[in-house]
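The following exercises are to be worked with the sequence and the coordinates at hand. Each task is followed by a solution in steps.

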Amino acid sequence: MIISNIEMANWNVMTTFLLCTPEVVFLPLLKRVSGLIPDKIYSYLYPEKVAAQSAANSLPTQEGKHKHHWSYNLDHWKNVIYLTPSEHRLAHYYIRYDQERMMYRRLDGTLLATKSEHLAYINGLFK
Ligand SMILES: [Zn+2]
């Protein structure tokens, strides 16, 4: 089998990525697949989420509703969306976390950069 230099370079990038960043690649995958991710590893990987969840604990609760963060940026730690558990599950099925922006993206990659964009997108899922 003949492998071009470009293919080889891509292969090197991919294997380096997979071997050097297991916590980036495999743990979120593990979490997505099984829901199993030890708390210590979770807080190591997502300190902003742990801090935001802790900050949101001081917010009022709503009967039968979860608090959903549309953003984990410091200014938004106490800016949550109240969802039923089934809405919450559905929303997370159709969004992907972008840790660099500390916000979510639609499955097509579009950043949900404001609360109103986030709300409009997830409300569209509930119809
Ligand atoms: Zn959520």
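**Exercise 1: Overall architecture**

Of the 127 residues of the protein chain, 12% count as buried, a residue being buried if 20 or more other C-beta atoms lie within 10 Å of its own, exposed if 12 or fewer, and partly exposed in between, with C-beta atoms placed from the backbone. The model is a predicted one, in which local features need pLDDT of at least 70 and side-chain atom pairs count only at pLDDT 80 or more, whereas totals for chains, interfaces and linings use all residues. Residue numbers start from 1 along each chain as its sequence is written.

Task: State how many helices and strands the protein chain has, and give their order.

Step 1. The protein chain contains six helices and four strands; helices (H or I, at least four residues) and strands (E, at least two) are DSSP runs, numbered from the N terminus.

Step 2. Read from the N terminus, the order of elements is α-α-α-α-β-β-α-β-β-α.

Step 3. Of the contacts between residues at least 6 apart in sequence, 25% join residues at least 24 apart. Two residues are in contact if their C-beta atoms, placed from the backbone, lie within 7 Å.

**Exercise 2: A pair of helices**

Task: Describe how helix 5 and helix 6 cross, and identify the residues that meet.

Step 1. The axes of helix 5 (residues 85–93) and helix 6 (residues 115–126) come within 10 Å and cross at roughly 115 degrees. Axes are lines fitted to C-alpha atoms, for helices over the stretch in contact, and angles run from 0 to 180 degrees between N-to-C directions.

Step 2. Helix 5 and helix 6 are therefore roughly perpendicular to each other (angles under 35 degrees count as roughly parallel, over 145 as roughly antiparallel, 65 to 115 as roughly perpendicular and the rest as oblique).

Step 3. Glu87, Leu90 and Ala91 of helix 5 meet Ile122, Leu125 and Phe126 of helix 6. By class, this contact has five nonpolar, no polar and one charged residues; Ala, Val, Leu, Ile, Met, Phe, Trp, Tyr, Cys and Pro count as nonpolar, Asp, Glu, Lys and Arg as charged, and the others, Gly among them, as polar.

**Exercise 3: The nonpolar core**

Task: Which residues form the largest nonpolar core?

Step 1. A nonpolar core is a set of buried Ala, Val, Leu, Ile, Met, Phe, Trp, Tyr and Cys residues joined through C-beta atoms within 7 Å.

Step 2. The seven residues of the largest such core are Trp70, Ala91, Ile95, Met103, Tyr104, Leu112 and Ile122.

Step 3. Trp70 is in contact with Ile81, Tyr104, Leu112, Lys115 and His118, leaving aside neighbours within four places in sequence.

Step 4. Ile95 belongs to strand 3 and counts as buried, with 20 C-beta neighbours inside 10 Å. Not counting residues up to four places away in sequence, Ile95 touches Tyr104, Arg105 and Arg106.

**Exercise 4: Residues in loops**

Task: Is Asn57 buried or exposed, and where does Met102 lie?

Step 1. Asn57, in the loop between helix 4 (47–56) and strand 1 (66–69), has 10 C-beta neighbours inside 10 Å and so counts as exposed.

Step 2. Met102 lies in the loop between strand 3 (95–98) and strand 4 (103–106). With 17 other C-beta atoms within 10 Å, Met102 is partly exposed.

Step 3. Although Met102 is not a glycine, its phi is positive, at about 60 degrees.
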